[in-house]
Amino acid sequence: MNAFRLLIAAALLPLSCLSMVRSDAAGVTLPGAASVTETSAETATSGTWHWPLAPPHPLLRGFLAPATQYAPGHRGLDLSAEDGREVVAPAEGVVSFAGVVVDRPVLSIEHADGLVSSIEPVSASVAVGDRVAAGQPVGQVADGGHCAGQCLHLGARLNGGYVSPLLYLVGVPRAVLLPALLLRGDS
């Protein structure tokens, strides 16, 4: 039974950490999230990316990893945003794509260590090959895509595979695994 509790707790821990995002420090607002105002080692941020939009950062839809490479999922974050809002580079890098994919304008930036960010829909003010600095304006929210006129989609790929951008964004606390002793209900 203790192994089962540990397994369940390990599966739910990343979800519980989302409710601890400090909206006061990072301008992050998650649906149903409580605002935590204290600063401690447990809530220290691990990210290095800038948010692509100025605060606040209301999250409309989170990352949902697909079961397989081609299975359904949501390969990024949807941040509430209206057309024309300024978009900035999440980190230093080189613009690897700036153009239209199907029905939306997309901007991709290659960062260090095999990491690529993709932002859509964005009317880019930069071109392929341009070096960008973290926080540098790179365009404006445009129309198109799966949440046209309502959001900006931020995706992240590490060595070709999609990962959650929350792993890299400033202001999102790290998950901390607790010892199994703390999970026992009879202590």
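**Close-up views of strands and hairpins**

**View A. An open sheet of three strands.** In this predicted model, three antiparallel strands make an open sheet, ordered β4-β10-β8. Strands here are DSSP runs (E, at least two residues), numbered from the N terminus, and two strands pair if DSSP finds at least two bridges between them. Look to the edges for β4 (86-88) and β8 (122-124), each of which pairs on one side only. On average, neighbouring strands of this sheet are turned by 40° against each other, direction ignored; the axes behind such angles are lines fitted to C-alpha atoms, and angles run from 0 to 180 degrees between N-to-C directions.

**View B. Where β8 meets β10.** Three bridges link β8 to strand β10 (residues 137-141) in the antiparallel sense.

**View C. The hairpin of β5 and β6.** Strand β5 (residues 93-101) runs antiparallel to β6, and seven bridges join them. Val94 faces Glu110 in β6. Two residues lie between the strands of this hairpin, and Val102 in the turn has a positive phi of about 60°.

**View D. From β6 to β7.** Five of the seven residues in strand β6 (residues 104-110) are buried, meaning under 20% relative accessible area with a 1.4 Å probe, protein chains only. Four bridges pair β6 with strand β7 (residues 115-120), again antiparallel. Ile109 has Ser117 in β7 as its bridge partner. This hairpin has four residues between its strands, and Asp113 takes a positive phi near 60°.

**Notes.** Residues are numbered from 1 along each chain as its sequence is written. Because the model is predicted, local features need pLDDT of at least 70, side-chain atom pairs count only at pLDDT 80 or more, and totals for chains, interfaces and linings use all residues; side-chain values use heavy atoms, leaving out hydrogens and water.

Note on methods
Buried < 20%, exposed > 50% of the residue type's maximum accessible area, 1.4 Å probe, protein only.
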